[in-house]
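The following report describes one protein model, moving from its sheet to its surface and then to its charged pairs. Please keep the sequence and the structure in view while reading.

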Amino acid sequence: DKPTKGDKTPVHSHPCTVVYIIKGGRVRITMPDGSIRDAELKTGDTLLRPPVIHEDEALDDLEVVLVELKK
């Protein structure tokens, strides 16, 4: 996935995921309760994330691989 600065996703969900950051950058994450946080994704990092419902916005150009873990 190659989101570019300003790309936004509508509210969506993921099961557990593994995310590998190919090209890092900043993202803004909005939760269903309206809370917002900015996150810095660092090139080369691998993240294991629990299930989530959210929307997001790329604050920089990014490149990530997202693998959803389904039962």
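## Terms and basis

In this report a residue is called buried under 20% relative accessible area, exposed over 50%, and partly exposed in between, with a 1.4 Å probe and only protein chains counted. The model is predicted, so that local features need pLDDT of at least 70 and side-chain atom pairs count only at pLDDT 80 or more, whereas totals for chains, interfaces and linings use all residues. Residues are numbered from 1 along each chain as its sequence is written, and side-chain values use heavy atoms, with hydrogens and water left out.

## The three-stranded sheet

Three strands make up an open sheet in the order β5-β2-β7, and their pairing is antiparallel. The edge strands, each of which pairs on one side only, are β5 (46–49) and β7 (63–69). On average, and with direction ignored, neighbouring strands of this sheet are turned by 20 degrees against each other; the axes behind this angle are lines fitted to C-alpha atoms, for helices over the stretch in contact, and angles run from 0 to 180 degrees between N-to-C directions. Strands here are DSSP runs of E with at least two residues, helices are runs of H or I with at least four, and both are numbered from the N terminus.

Strand β2 (residues 16–23) and β7 run antiparallel and are joined by seven bridges, where pairing of two strands requires that DSSP finds at least two bridges between them. Within this pairing, Lys23 has Glu63 of β7 as its bridge partner.

## A nonpolar patch on the surface

Which residues form the nonpolar patch on the surface? They are Tyr20, Ile22, Leu48, Val65, Val67 and Leu69, which together have about 520 Å² of accessible area. Such areas come from the Shrake-Rupley method with a 1.4 Å probe, and for residues only the protein chains shown count as cover. Patches are made of residues with over 30% relative accessible area and no salt bridge, with nonpolar side chains (Val, Leu, Ile, Met, Phe, Trp, Tyr) joined within 5 Å and like charges within 9 Å.

Strand β7 gives the most to the patch, with three residues, and β2 and β7 each supply at least two. Leu48, by contrast, is found in strand β5 and counts as exposed because its relative accessibility is 66%. As a general point, side chains in a regular strand alternate between the two faces of the sheet.

## The segment before β1

Pro3 lies in the segment before β1 (12–14), and it counts as buried because its relative accessibility is 19%. Leaving aside neighbours within four places in sequence, Pro3 is in contact (heavy atoms within 4.5 Å) with Ala58, Asp60, Asp61 and Leu62. The C-alpha atoms of Pro3 and Leu59 are separated by 9.3 Å, although these residues are 56 residues apart along the chain.

Lys2 forms a salt bridge with Glu63, the closest N and O atoms being 4.0 Å apart. This pair links distant parts of the chain, since Glu63 belongs to strand β7 and Lys2 to the segment before β1, 61 residues apart. Lys2 is exposed at 56% relative accessibility, whereas Glu63 is partly exposed at 23%.

## Salt bridges

A salt bridge is taken as a side-chain nitrogen of Lys or Arg within 4 Å of a carboxyl oxygen of Asp or Glu, and by this rule the count comes to four. In general, side chains of opposite charge can pair when their charged atoms come close.

Another of these pairs joins Arg28 to Asp38, with the closest N and O atoms 2.7 Å apart. It links Arg28 in strand β3 (residues 25–30) with Asp38 in strand β4 (residues 36–41), ten residues apart. Arg28 is partly exposed at 29% relative accessibility, and Asp38 is partly exposed at 43%. A salt bridge also connects the side chains of Lys70 and Glu68 (3.6 Å, N to O); Lys70 is exposed at 65%, and Glu68 is partly exposed at 32%.

## The hairpin of β3 and β4

Strands β3 and β4 run antiparallel and are joined by six bridges, and Arg26 has Glu40 of β4 as its bridge partner. Their hairpin has five residues between the strands, and in it Gly34 takes a positive phi near 95 degrees.

Not counting residues up to four places away in sequence, Thr30 touches Ser35, Ile36, His54 and Glu55.
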